[in-house]
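This report describes a single protein chain, shown below with its sequence.

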Amino acid sequence: MLITYVKGRTARESSNLPARAVRLVERWLEYSAPLRSFADDELRRQLWMSYSPRWFTASGGFRPVVGPPSDTDHDRRLVKEAGLVDDAGKPLVIHRGRIRATYHERLARRGWTGRATIDPNHTARTEGDHYVTPTSPAQLDAVESIIEDGQADVLRKALPPVVLSAEQAVRFAEDFPDEVKRLELDAEAIAELVGGERDVFTAACADQLAGVHGPAGQPCPARPWVCLLCPLAVFLPRHAANLPRLNAFFARQFRQMPTENSVRVFGPYADRLANEILPELSEGAKMKAAPEVADDDTDLPLRPEEGTL
């Protein structure tokens, strides 16, 4: 079935419907057949129609069967009945485009693989200008803060990883003074870091309460692969088994997920692990850890929805 339609801000478009959509349209046509028999000739061929007991024509005649109902009227009625007001105390104006944009963005963050823009003819920037442009000083300040945090996060991820051999770990404070300063480590913290007391699954963490990926003062809630791009992570030979386990996990995810989705979710972490961290580990450490690495989710701290086949 080929359906043709006209959108308010674009020209006439058409789409070849899949089988499930065709069945839905057929059910609607069957359901609306009694109402369609009372429609005027110009409306009878339209797909959408509705009944309105208060609709009158320009000549004063009564026409109960009309086209699609106006969303604006429903929105105004809802605002009036519910007493919805904005921050200024005026009746709330419902922006359906912004609601839709927010909904699609939430889906995208949950791994949705559909298109990220509402209109295929729009770029993400255009959609943002149309639907989610801040309108108040408070919103502008919030947007500026989000941009600053994002830029700082990009700069942190650009820092090279700290990968130490057993000998370098012993002389960490002497061999890497810049890293010690960046991680804000004292003698006690260095001893805990090198001794394994600050280990997480992927690396040794300079400060799990720093609030880089969550609230400051609370244990870091980040997933194991996030440590690969974390500026607080230090990779040591004792992590040589868990790092290949993550590498195999990324390969399984790439096999079972759509390419675009897998690259967006795991691509930066997989690239850092394969090209910057694993090559820095000694061959002896990797060979010793190889028998402990299985090509499944064994020994990986995963949530049920993160498992692979």
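Does Y31 count as buried or exposed? With a relative accessibility of 65%, Y31 counts as exposed; the term exposed stands for over 50% relative accessible area, buried for under 20% and partly exposed for values in between, with a 1.4 Å probe and protein chains only.

## Basis and overall make-up

The model is predicted, so local features need pLDDT of at least 70 and side-chain atom pairs count only at pLDDT 80 or more, whereas totals for chains, interfaces and linings use all residues. Residues are numbered from 1 along each chain as its sequence is written, and side-chain values use heavy atoms, with hydrogens and water left out.

The protein chain comprises 13 helices and 7 strands. Helices (H or I, at least four residues) and strands (E, at least two) are DSSP runs, numbered from the N terminus. Of its 309 residues, 29% count as buried. Among contacts (heavy atoms within 4.5 Å) between residues at least 6 apart in sequence, 48% join residues at least 24 apart.

## Aromatic pairs

A pair of aromatic rings is described by the distance of the centres and the angle of the planes. Rings of Phe, Tyr and Trp (its six-membered ring) pair if their centres lie within 6.5 Å; planes under 30 degrees apart count as stacked, over 60 as edge-to-face and the rest as tilted. The whole structure holds 6 aromatic pairs. In one of them, the ring centres of W28 and Y31 are 6.1 Å apart and the planes stand at 35 degrees, so the pair is tilted. Both residues belong to helix α1 (residues 19–36), where W28 and Y31 are 3 residues apart, about one turn of the helix.

Another pair joins W225 and F266, with centres 5.3 Å apart and planes at 75 degrees, so this pair is edge-to-face. It links distant parts of the chain, 41 residues apart: W225 lies in the loop between β6 (204–205) and β7 (233–235), and F266 in helix α12 (residues 259–277). W225 is buried at a relative accessible area of 7%, and F266 is buried at 5%. Ring pairs also connect W225, F249, F250 and F266 into a cluster.

## Packing of α11 and α12

Two packed helices are described by the angle between their axes and the distance between the axes. For α11 and α12, the angle is about 145 degrees and the axes are 10 Å apart. Here axes are lines fitted to C-alpha atoms, for helices over the stretch in contact, and angles run from 0 to 180 degrees between N-to-C directions. On the α11 side the contact includes L243, L246, F249, F250 and F254, and on the α12 side it includes V263, F266, Y269, L273 and I277.

R252 also lies in helix α11 (residues 242–256). At 2% relative accessibility, R252 counts as buried. Leaving aside neighbours within four places in sequence, R252 is in contact with A294, D295, D296, D297, L300, T308 and L309.

Helix α10 (residues 187–195) has A189, I190, E192 and L193 as its buried residues. Seen down the axis of α10, these fall within an arc of 165 degrees, so they line one face of the helix; the arc is that of the directions from the helix axis to the C-beta atoms. The face turned away from the buried side carries the exposed residues A187, E188 and G195. After α10 comes G196, with a positive phi near 100 degrees.

## Cysteines and individual residues

A disulfide is a pair of cysteine sulfur atoms within 2.5 Å, and by this rule the count is 0. C205 is in no disulfide, and its nearest cysteine sulfur, that of C230, is 5.8 Å away. That distance is too far for a bond. C205 is buried at 12% relative accessibility, and C230 is buried with a relative accessible area of 12%.

Most residues other than glycine have a negative phi. D299, a residue other than glycine, has a positive phi near 70 degrees, and is found in the segment after α13 (283–289).

S14 is located in strand β2 (residues 12–16) and is partly exposed, with a relative accessible area of 46%. S14 and I3 are 11 residues apart in sequence and 5.5 Å apart in space, C-alpha to C-alpha. Not counting residues up to four places away in sequence, S14 touches L2, I3, T4 and Y5.
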